[in-house]
Amino acid sequence: MHTISLRLTVCALAFGLLVAAPLGAVSAQDAPPSASDAPAAPHRLPDPQKQAHRLAHKLGLDADQQSKLAAIFGNRQQQVAAVRADNTLSMRDRRTKLLAIHQDSESQIKALLSPTQQQQYAQLQQAMKAHREAQQESNQAAPESH
C-alpha cells in the first residue's frame with residue numbers, strides 16, 4: 001500500500017514539476033509561430049494546495065513550510081500560464097522562459113527546506129527522473145510493436 005502511495009505521489013510531483021518545463025512537448029527549433037499555428041490546448045494544472053500537501057506529507061514539512069510551498073506552486077503556475085498564453089514567443093524562447101521559471105521555483109523550494117528535507121527532495125526528484133525515463137523508453141518501444 002505504501003509503495004502504491006509513493007508511486008502516485010512521485011507521479012503527481014513529477015507532473016507538477018514537468019508543468020513548468022515540458023521538455024518532451026517543446027522542440028528545440030527556433031522557428032517563430034506562424035499565423036496558421038493554432039493555440040495549444042489548455043493544460044490541466046495540478047492544484048497548488050494539493051501539490052504542497054502531498055510534498056509536505058512526504059518531506060515532513062510544517063504548516064508554515066507547506067503554506068509557503070503552496071504559494072511557490074501557485075506563483076509558478078501563473079507564470080507558466082502567462083508564458084503559454086504568449087503566442088509571440090518562439091518555441092525556443094518559450095522553452096527558455098519555462099526552464100527559468102522552473103529553476104527559480106526549485107531554488108525557492110530548496111531554500112525553504114532543511115538540509116534533511118533537501119536530501120529527501122533530491123531523492124524524490126531522482127525517482128521521478130527515473131520514472132520519466134522509463135516511461136519514455138516504454139513509449140518509444142510501443143510503436144515498434146505495431
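I shall take the helix pair, then the salt bridges, and then one arginine. Please note that this is a predicted model.

Let us begin with the packing. Helix α3, residues 63-85, and helix α4, residues 91-112, pack at an angle of about 175°, and their axes lie 10 Å apart. The two helices, α3 and α4, are therefore roughly antiparallel to each other. The residues of this contact comprise nine nonpolar, five polar and six charged. On the α3 side they include L69, I72, F73 and V80, and on the α4 side L98, I101 and I109 are among them.

I turn now to the salt bridges. How many does a search of the whole structure find? The search finds two. One joins the side chains of R76 and E106, at 3.9 Å from N to O. This pair links distant parts of the chain, with R76 in α3 and E106 in α4, 30 residues apart. R76 and E106 are both buried.

The other salt bridge joins the side chains of D64 and K68, at 3.2 Å from N to O. D64 and K68 are four residues apart in helix α3, so about one helical turn separates them. D64 is partly exposed, with a relative accessible area of 45%, and K68 is also partly exposed, at 42%.

Finally, consider R94, which is located in helix α4. R94 is buried but has no salt bridge. Its nearest side chain of opposite charge is D86, 5.8 Å away, whereas a salt bridge requires a nitrogen-to-oxygen distance within 4 Å. Leaving aside neighbours within four places in sequence, R94 contacts V83, R84, D86, N87 and L89.

Key:
Residues numbered from 1 in each chain as written. Predicted model: local features only at pLDDT ≥ 70, side-chain atom pairs only at ≥ 80, totals over all residues. Heavy atoms only, no water. Axes fitted to C-alpha atoms, helices over the stretch in contact; angles between N-to-C directions. Parallel < 35°, antiparallel > 145°, perpendicular 65-115°, else oblique. Contact = heavy atoms within 4.5 Å. Nonpolar A, V, L, I, M, F, W, Y, C, P; charged D, E, K, R; others polar. Buried < 20%, exposed > 50% of the residue type's maximum accessible area, 1.4 Å probe, protein only. Lys, Arg positive; Asp, Glu negative; His and termini not counted.
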